[in-house]
Amino acid sequence: MAEWIQIGDEIVGHGRPTYVIGEIGINHNGDLDVAKKLIDVAALAGAQAVKFQKRTPHISTPEDMKSTRRETPWGEMSYLDYRYRVEFERDEYAEIARYAASQRVDWFASPWDIPSVEFLESMGVSTHKVASASVTDLPLLRELATTGKPIILSTGMSTMEQIDRAVEILGTGNLVILHATSTYPLPPDEANLNMIPVLAARYRVPVGYSGHERGLQISVAAVALGAVAVERHITLDRTMWGSDQAASLEPHGFMSLTRDIRVIEKAMGDGVKRVMPGELKPMQRLRRDPDSTVIPA
């Protein structure tokens with residue numbers, strides 16, 4: 001069990017700056033220039049990291065979906081061909097690694113299969129993210145555990161028993177858990193933010209929040225409830241083609257979210273009651289007796 005986890009150059013945990021992740025996922029639509037622009041958005045907002053998704057399509061695509069026809073911006077194609085169309089490989093990720101470093105933003109990905117873990121390890125990522133869809137993929141979790149890297153575990157679509165099993169495999173020495181609800185977009189009544197302190201008490205590891213809601217309020221409230229990391233999907237334009245675009249934040253929204261998170265961090269304080277510096281002059285002006293606790297109306 002650990003109160004703080006180091007991910008790249010950042011320390012993630014209570015009392016540290018909230019670890020903000022811009023989830024690019026597949027919102028780049030296979031376009032490296034779009035990916036770079038989204039890295040720019042994350043850097044400008046002050047996020048510490050961006051996250052992608054890495055698949056080996058012929059392994060991670062369900063058999064019954066591989067031949068399904070799909071309309072795409074590149075014409076009609078099979079779902080498997082579409083998965084390959086939007087997948088970055090080594091050359092693209094080498095450029096992403098270089099560009100992210102130039103913008104002082106870390107990058108990593110959610111591997112959806114064991115070869116993708118091996119690929120990301122060969123790229124030297126600082127951490128691995130377990131997508132909510134992979135919480136019950138025990139062989140994948142075991143492979144991730146062997147890397148010795150910090151692991152960020154999302155918990156959408158999961159029961160407590162399933163999370164228990166995942167944590168048992170991954171261990172608690174190098175783990176960050178993200179509370180999540182995998183409804184896209186997320187309605188407020190499914191956010192269940194009170195799970196953040198519940199998960200922190202149960203597993204005694206840093207706990208954050210992965211959001212899929214429209215707007216900023218729920219993610220900001222998560223920080224007030226103790227989330228030490230916040231992950232949100234980002235896009236250049238919510239009207240772009242793709243399944244995750246509508247539940248993503250556009251550049252201005254993501255920058256506003258990060259700004260608001262930094263304000264909340266300062267506002268939380270330490271829970272020790274004291275007379276604040278800004279209260280001294282009003283106290284002298286308004287109190288009848290400097291030792292009185294009664295402030296005249």
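This is a predicted model: local features need pLDDT of at least 70, side-chain atom pairs count only at pLDDT 80 or more; totals for chains, interfaces and linings use all residues.
The phi angle of methionine 157 is near 60°, a positive value in a residue other than glycine. With a relative accessible area of 58%, methionine 157 is exposed, because the cut-off for that class is over 50%.

A positive phi, about 55°, also occurs at arginine 204, which is not a glycine. Arginine 204 is located in the loop between helix 9 and strand 11 (207-211), and its relative accessibility of 54% places it in the exposed class. A further backbone feature is the cis peptide bond between tyrosine 184 and proline 185, for which omega is about -15°. Proline 185 belongs to the loop between strand 10 (175-180) and helix 9 (195-203).

The chain as a whole contains twelve helices and twelve strands. Its radius of gyration is 21 Å, close to the 19 Å given by the globule rule for 297 residues, so the chain is as compact as a globular protein of that length. Along the principal axes, the C-alpha atoms fill a box of roughly 80 × 40 × 40 Å. Among contacts between residues at least 6 apart in sequence, 65% join residues at least 24 apart. The accessible surface amounts to about 14300 Å², and carbon and sulfur atoms account for 53% of this area. The chain carries 32 positive and 39 negative charges, whose mean positions are separated by 6 Å.

Of the 297 residues, 47% count as buried. In soluble globular proteins, nonpolar side chains tend to be buried together. In the present model, the largest nonpolar core comprises 46 residues, of which Tyr19, Phe52, Trp107 and Phe254 touch the most other members. Helix 1 (residues 32-45) supplies the largest share of this core, with seven residues. A second, separate core has 28 residues, among them Val130, Ala166, Val207 and Ala227.

The surroundings of phenylalanine 254 illustrate the contacts made by one member of the largest core. When residues up to four places away in sequence are set aside, phenylalanine 254 touches Val20, Ile21, Gly22, Val41, Ala42, Ala45, Ala47, Arg232, Ile234 and Leu249.

Leucine 257 is part of helix 11 (residues 251-268) and is buried, its relative accessible area being 0%. Under the same exclusion of residues up to four places away, leucine 257 touches Leu216, Ser219, Val220, Val230, Arg232 and Leu249. Leucine 257 and valine 20 are 237 residues apart in sequence, yet their C-alpha atoms are 9.6 Å apart in space.

Histidine 58, by contrast, lies in helix 2 (residues 57-60) and counts as partly exposed at 44% relative accessibility. Its contacts, not counting residues up to four places away in sequence, are with Lys66, Leu80 and Tyr84. Histidine 58 and lysine 36 are separated by 22 residues in sequence and by 27 Å in space, C-alpha to C-alpha.

Technical notes. Residues are numbered from 1 along each chain as its sequence is written. Side-chain values use heavy atoms; hydrogens and water are left out. A nonpolar core is a set of buried Ala, Val, Leu, Ile, Met, Phe, Trp, Tyr and Cys residues joined through side-chain atoms within 4.5 Å. Buried means under 20% relative accessible area, exposed over 50%, partly exposed in between (1.4 Å probe, protein chains only). Helices (H or I, at least four residues) and strands (E, at least two) are DSSP runs, numbered from the N terminus. Contact means heavy atoms within 4.5 Å. The radius of gyration is taken over C-alpha atoms; the globule rule is 2.2 Å times the number of residues to the power 0.38. Accessible areas come from the Shrake-Rupley method with a 1.4 Å probe; for residues, only the protein chains shown count as cover. Lys and Arg count as positive and Asp and Glu as negative; His and the chain ends are not counted. The place of a charge is taken as NZ of Lys, CZ of Arg, CG of Asp or CD of Glu.
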